[in-house]
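Thanks for coming. Today I will talk through the aromatic rings in one structure. Please have a look at the screen.

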Amino acid sequence: LLLLTAALVLGGTAATSCPAPCVCDNLRAHVLCLNANLTAIPGTIQELTKKLNFRGNSITVVPVGAFLATPYLTHLDLQHCKVERLEEGAFRGLGRLLYLNLASNGIALLYQESLDGLSSLRQLILEGNRIEEIQPGAFGHLGSLTVLDLRANALVYLPDMVFQGLQALKWLRLSHNALHVLGSEAFTALPALRRLSLDHNELQALPGEALARLEAATRLDLGHNPITYIAEEALAMASLKHLFLDHAALQDVAPEAFAGSPQLRTLDLRENQLRGLPPLAGAGGLARVSLAGNPLLCSCLLRPFHIWLARARVQAEGSCAAPPALRGRPLDSLRPPEMRCGHPLPRPSPPTPSEQPRVAGPGRCPRGCTCSSDFHHGSCANGDLREIPRGFPGDTRLLDLRRNTFRTVPPAAFPGLRHLVSLHLQSCGIQELRPGALRGLQSLLYLYLADNHLSTLSAATFEGAPQLAYLDLDHNAFTHLPTGAFQLLPNLISLHLQHNAIGELEGGALAGAGKLRWLYLAGNTIGHIAPAALAPATMLEKLHLEDNCLPVVPTVALWGLPALSELKLSRNPIRRMEYGAFQPVAPSLQHLYLDKMGLEWISPGAFTGLGPKIRSLHLESNKMSNIPDMRNFTGLEILNLRDVPFHCDCQLLPLHRWISKLNLHVGATCESPPEARGLKVKLSTTFQTCPGWGRGKDGGGSFYKTKAASKPSKKKRSGKSPARGFKKSRA
């Protein structure tokens with residue numbers, strides 16, 4: 001009776017309250033709007049809805065109060081929705097929400113009020129965005145959160161107190177970013193944290209001071225960082241039990257490196273450059289050390305460590321690389337007399353860790369501005385200022401000068417701010433950055449110059465800011481990439497030049513940007529890319545070229561980019577796609593965007609070289625007459641074929657069978673014949689009259705045909721599909 005009552009309450013207005021492209025399960029209070037091409041949050045969703053899934057739409061902005069009409073939500077999924085901005089207060093009213101998934105979007109910045117109102121939230125998934133900076137206070141209202149996933153973003157720096165308010169957090173996932181600077185108080189106020197994942201970053205030294213704040217953490221993942229040395233008492237984590245430092249660049253470990261972590265049980269040092277280890281003093285609880293993949297020299301100098309292993313009853317994994325007589329011998333099989341002298345172990349001088357800068361005194365705050373001594377922030381935003389103010393405290397880390405009217409930034413405009421990390425100069429009407437404007441900003445990592453009137457830059461502009469990693473020049477007036485401007489930026493990782501007026505990428509434009517990973521050039525007028533234009537950026541991972549004027553895939557320009565994993569060419573006037581279009585980046589490419597291009601023809605070999613690594617492929621809203629064979633795309637997580645004019649006859653049978661086996665929402669719909677119009681390709685019954693349907697023959701072929709290629713001659717048909725080579729499968 002209770003279930004029936006609930007169904008009546010929820011279902012009474014189902015016909016009028018369930019948005020047209022969505023599916024509503026009123027009994028369970030679930031609403032699914034998957035791949036429905038929505039551009040905004042529908043306003044007609046049932047008030048009592050508990051689970052709402054918008055995966056695969058195009059909701060670029062989540063506005064203030066977007067979910068006020070659904071206050072009973074417990075689960076909200078906004079994955080792959082092309083979200084770029086969360087307005088402050090976007091989730092207000094969702095006090096019951098437990099799970100929020102915002103993975104695989106384009107969010108770049110988390111403001112202090114972006115996540116306001118989520119007091120009950122337990123899991124927040126922000127994986128796979130392009131978050132470069134988090135302002136302290138962004139998580140201040142998430143007191144119930146237990147899991148925070150920030151993997152695969154573009155974080156370079158974690159400021160002090162950035163996670164303040166997360167008293168219940170148990171697992172913080174920061175893997176696959178570009179972190180190389182952590183504030184000493186970055187992890188303060190995380191009393192419940194048990195696991196911290198910092199693997200696959202750019203940390204060059206163990207951030208011991210920041211990690212010492214984590215008194216309850218039991219597992220720490222630091223693998224795949226370029227850490228070369230662990231100094232005495234570098235790690236003081238009272239509760240730590242499991243430490244992973246695999247696949248780093250370790251050359252030496254001090255004897256008392258882990259003396260401050262007495263509960264350490266497992267130590268993973270696989271795949272480093274260690275030729276030996278000293279006895280690890282103070283690590284009395286250690287039970288297992290993994291040294292596999294290190295070039296261990298089993299000479300007499302390793303004997304003390306070997307004896308210590310036996311006395312401390314520590315299990316060790318690893319084998320000798322030298323001398324030749326012991327090569328390949330497991331450590332636990334050696335006897336001390338075998339470890340003879342005569343093979344000295346060269347111990348490189350440990351690199352001196354860069355000293356933490358002393359923080360200057362608080363000092364005064366310029367008139368009309370606000371300065372926070374707790375967060376080391378200064379702000380003069382919306383101050384109607386004509387000149388850049390001076391006199392900020394010397395320990396200022398973030399300076400917000402947005403929405404003023406400076407016109408020009410003079411040389412040495414920011415004196416005394418050698419600890420400044422993040423500088424915001426958006427929407428200031430800036431027309432010129434004078435040479436030396438950033439002089440003295442030796443710690444600067446983030447520079448925001450979007451929404452100004454800049455049209456040119458010289459290398460001297462960035463003199464004195466060698467650590468700069470993130471540069472935002474979106475919405476300016478550049479007509480070409482400022483050639484040579486990046487020569488003094490050896491650590492540049494992310495470059496934004498979207499929505500300018502750049503017409504061509506010339507050779508040498510990126511000279512000096514050898515560490516560049518993310519290049520955003522959407523919304524320009526680029527019609528040509530010189531063959532060597534991208535060559536200096538050998539570490540490039542993301543290349544966004546959507547909304548430009550490219551007539552062809554810039555195949556030649558893609559050579560020499562062995563790490564490219566994401567390529568966006570959406571909304572370029574590319575009508576034909578030739579053989580091997582993506583072959584230069586085929587070994588690394590994972591995400592490919594080819595939607596809304598008016599694409600009319602794809603060579604059967606256009607995807608040559610691509611295969612299991614491809615995770616997402618966007619081909620929606622095109623006009624092509626053929627779809628290449630994609631059966632070897634076995635790693636697909638997203639395949640979008642919406643708004644492609646498929647003709648559902650026997651030539652499309654292989655595609656029908658292939659997508660029917662995929663556990664994906666593909667969106668492929670029949671355009672013709674009339675009896676199949678509007679039906680999903682995988683559900684159309686028109687294929688049941690095809691030869692071989694009942695015997696499970698699919699005929700095979702090198703590509704799948706759509707409407708424009710759907711009228712072969714009867715002579716070619718003769719009872720069989722003209723395409724050959726597909727494997728047999730059950731109908």
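There are 9 aromatic pairs in this structure; rings of Phe, Tyr and Trp (its six-membered ring) pair if their centres lie within 6.5 Å. This is a predicted model, where local features need pLDDT of at least 70, side-chain atom pairs count only at pLDDT 80 or more, and totals for chains, interfaces and linings use all residues. Residues are numbered from 1 along each chain as its sequence is written, and side-chain values use heavy atoms, with hydrogens and water left out.

Take Phe163 and Phe187. Their ring centres are 6.2 Å apart and their planes are at 5 degrees, so this pair is stacked; planes under 30 degrees apart count as stacked, over 60 as edge-to-face and the rest as tilted. Phe163 is in the loop between strands E12 (157-158) and E13 (171-173), and Phe187 in the loop between strands E14 (181-182) and E15 (195-197), so the pair ties together parts 24 residues apart in sequence. Strands here are DSSP runs of at least two residues, numbered from the N terminus. Both Phe163 and Phe187 are buried, meaning under 20% relative accessible area with a 1.4 Å probe, protein chains only. Ring pairs also join Phe139, Phe163 and Phe187 into a cluster.

Next, charges and rings. The charged end of Lys568 sits over the ring of Tyr593, 4.6 Å from its centre; this requires NZ of Lys or CZ of Arg within 6 Å of the ring centre and within 35 degrees of the ring normal. Arg576 lies over the face of Trp601, at 4.2 Å from the ring centre.

Technical notes
Helix = DSSP H or I, 4+ residues; strand = E, 2+ residues; numbered from the N terminus. Buried < 20%, exposed > 50% of the residue type's maximum accessible area, 1.4 Å probe, protein only.
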